[in-house]
Amino acid sequence: MTIHILPDVLIAQIAAGEVVERPASAIKELIENALDADASHIHVEVKNSGRALIRISDNGTGIPADEVPVAFARHATSKLNKIEDLERLLTLGFRGEALSSIASVSRLTITTRHRDEKMGTQLQIEGGNFIKQQAVGAPSGTVIAVENLFYNTPARLKFLKADQTEKRHITHLITRYAMAYPNVRFHLVQDGREMLHTTGSGELADVILQVMGLEQFKQMIPIEVQSIDDTQINVVGYTSMPSLYRADRGQISLFINGRWITDSKLVYSVAQAYHGLLKDARYPISVLMINMPPYDVDVNVHPTKAEVRFRDNNAVFTTVQRAVRTALISSGERPSFTHTIADSPQSGWNAHAQNHGSRQTHMPFEIEDAPPLTKQSMRSFSEEEIAIPVGIGQPIRPRTLPLLRIVGQVGATYIIAEGPSGLYLIDQHGAHQRLLYEDLEEQNFERIILEIPQVINLSTKQAKIIEQYLALFEPFGVEMTAFGGSSFQIRVIPEPLMRIDWLEVISVIADHLSNNNPTETIKQRLSQYGATKAGQTLTQEDMQIIVGRLERARNPLTDPFGRPTLIHMTGDQLARQFGRN
Ligand code: ADP
Ligand code: MG
């Protein structure tokens, strides 16, 4: 074959492979167009799961008669002029690919009348070829009928799933858009049956109620968070109480600036907000509308525009996780049981931990439970979860680890870093415990005098033990006195441990204290409870602080209990794992 430029129709058909994978993706594009055209009413009619007919009617602006044919040309759009427009994009479309793609793989008829024009236009296209255009009388708005989708691309037709699956995709899609646009009235009819009908009242609650039914809706908690810490990220929506859950993450729906997106990491941070609240392999139902400045998110990643990239991943993940967690906690949910991480890293890591001589870390594994929340700590849960105490007036200390460059966080549990001699996988909880432990030991902290001393009530047995060792707490900034019966009053605490549950910690210490090195037990447990838990998304800055300090810790390699804080793999070891030497 000689080299030649492909004809336009063929180019469009090839592009269609990316944009319209299945009937639901064609519907998605057409709905986005209607929304971009300011429609307040969108009617979707589907026959034979979209194979026979998709008809979408909207009452939006309509298309001016002289622009109708252009709308079907490749890369024709009214939404973008120059590349900078992408940074302030307020429309769902911008690629100018949908209409030409859909028209190239179906028999399409558009009937449209622009608001300001008297006559409407009807245009017919078959497999990308113009058949007929005529002026018609029509209400303002647009009706696009797509018949025999994929009739001329048999390969694609063959790959479509069973009717039920395609139907489910369609219902799922319209439901998502109805939730994202509660002010728009959506109507979905499949094979003559009404599947969804929303009121367009503007209230998300109305749509969710409609979609889920009253029983489930009663178990949904509203979320409303206006940007935390100047991130300019707002989160509103609903998330399920732990009593309502699913076996997969498919019911966690995320919208960025009104665009339904898929982002497995963001979904993961939402699931992680249920740490200690939902058992393993149970996932919440969440509908989250995340709004942020358009220039902080890149939507031009994939032709379907369902994937996005954030300028600051961590800001988004942290804000979303906090929003969900805060809503859960303030509605009265308490973490109560241990939690197992489902997504375990590759077994190669384990294998290596053994070779390296460190204790093997079992994965999947149990993470220590977060301490139960006291009333006092509930108020400031979001800060407390994430705050990394820095210690005061840190003297510059000699390095005990090489300079590490942070690569990222995995499983909200480990920090990945790179050093001059390979890869470091750092356990955030263990590392933070180590830092607190050394701060306590060196009295590198501020003492906080409590305005209202805290009184804790121990068991008689615990009280007897603590009484004996009261003086041992003082060097660590904990000033505690007997308060009658088996109660104690705490008047002074160390700043890095401002937000821990003292009843819990002191009880645990009492249960573990013995004559055999009691000071050690106290130090260990205080740092354990003060440390960042596994399962928390850390910001880049949080990770920088932990790793930066660990590089100069006296004993950076183990936590106070002697467990490894990090796994180091040299370049050679990595090469060996890949069978490269
Ligand atoms: P994009 O949405 O990326 O601009 P499309 O191929 O989806 O590209 O649509 C091309 C153009 O046709 C749009 O930019 C818009 O001007 C016009 N258009 C498409 N659908 C509608 C509609 N339902 N109502 C009004 N205008 C529409
Ligand atoms: Mg479009």
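1. Residues are numbered from 1 along each chain as its sequence is written.

2. A word on confidence: pLDDT is the predictor's confidence in each residue, from 0 to 100. Its mean over the protein is 83, with 88% of residues at 70 or more. Strand β2 (residues 53-58) has the highest confidence, at 98, and strand β17 (residues 366-367) the lowest, at a mean of 28. Residues 336-395 stay under 50. Where pLDDT is low, the predicted coordinates should not be read in detail.

3. Next, the sheet: eight strands form an open sheet in the order β5-β4-β3-β6-β2-β1-β7-β8, with mixed pairing (strands are DSSP E runs of at least two residues, and two strands pair if DSSP finds at least two bridges between them). Its edges are β5 (129-136) and β8 (193-197). Inside the sheet, β3 and β6 run antiparallel and share seven bridges; Arg107 has Glu147 in β6 as its bridge partner.

4. Finally, the cores. The largest nonpolar core has 59 residues, and Ile27 and Phe72 are among those with the most contacts inside it. Such a core is a set of buried Ala, Val, Leu, Ile, Met, Phe, Trp, Tyr and Cys residues joined through side-chain atoms within 4.5 Å, where buried means under 20% relative accessible area (1.4 Å probe, protein chains only). A second, separate core of 36 residues includes Ile252 and Tyr274.

Key. Chains lettered and ligands numbered in written order. Predicted model: local features only at pLDDT ≥ 70, side-chain atom pairs only at ≥ 80, totals over all residues. Heavy atoms only, no water. Buried < 20%, exposed > 50% of the residue type's maximum accessible area, 1.4 Å probe, protein only. Helix = DSSP H or I, 4+ residues; strand = E, 2+ residues; numbered from the N terminus. Contact = heavy atoms within 4.5 Å.
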